[in-house]
Amino acid sequence: MTTVLTSASPLTAADRCDRCGAQAYLRVVLLSGGELLFCAHHGRKFEPELKKIAAEIQDETERLTSVPASDSEDER
Ligand SMILES: [Zn+2]
């Protein structure tokens, strides 16, 4: 059994960017206790700002590039 960090549950397709509504690949836990979700695009865009206010940044953008080539059925 591996230890699971309670604050770092994986992001899912149901997690949406707070800015544009795209699928979120970054979860930012704020020092103030809140939480923000960003897509890869906005995560990168706001990263310098986020680093100042974040207690923790969970970055799953690597999943974007490591997605195995799948059938194009859910390509929209
Ligand atoms: Zn976005």
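1. In this predicted model, Asp15 touches Pro10, Ala22, Gln23, Ala24, Arg27 and Leu37, leaving aside residues up to four places away in sequence. Asp15 itself belongs to the segment that precedes strand 1 (26–30).

2. Although Asp15 is buried, it has no salt bridge, and the nearest side chain of opposite charge, that of Arg27, is 4.3 Å away.

3. The zinc ion has as its protein donors Cys17 (SG), Cys20 (SG), Cys39 (SG) and His42 (ND1), which lie 1.9 to 2.4 Å from it. The angles subtended by the four donor atoms run from 105 to 114°, so the arrangement is tetrahedral; the ideal angle for four tetrahedral donors is 109.5 degrees.

4. Along the sequence, the donor residues follow the spacing C-x2-C-x18-C-x2-H. Because Cys20 sits in the segment before strand 1 and His42 in helix 1 (residues 40–53), this pair ties together parts that are 22 residues apart in sequence. As for accessibility, Cys20 is partly exposed, with a relative accessible area of 44%, whereas His42, at 12%, counts as buried.

5. A search of the whole structure for aromatic pairs returns one, formed by Phe38 and Phe46, whose rings are 5.7 Å apart centre to centre with 45° between the planes, a tilted arrangement.

Notes: Residues numbered from 1 in each chain as written. Predicted model: local features only at pLDDT ≥ 70, side-chain atom pairs only at ≥ 80, totals over all residues. Heavy atoms only, no water. Helix = DSSP H or I, 4+ residues; strand = E, 2+ residues; numbered from the N terminus. Buried < 20%, exposed > 50% of the residue type's maximum accessible area, 1.4 Å probe, protein only. Lys, Arg positive; Asp, Glu negative; His and termini not counted. Salt bridge = Lys/Arg side-chain N within 4 Å of Asp/Glu carboxyl O. Contact = heavy atoms within 4.5 Å. Phe/Tyr/Trp six-rings, centres within 6.5 Å; stacked < 30°, edge-to-face > 60°. Donors = N, O, S within 2.8 Å, 3.2 Å for Na, K, Ca; no water. Tetrahedral: all angles 85-135°; square planar, octahedral: opposite > 155°, others 65-115°.
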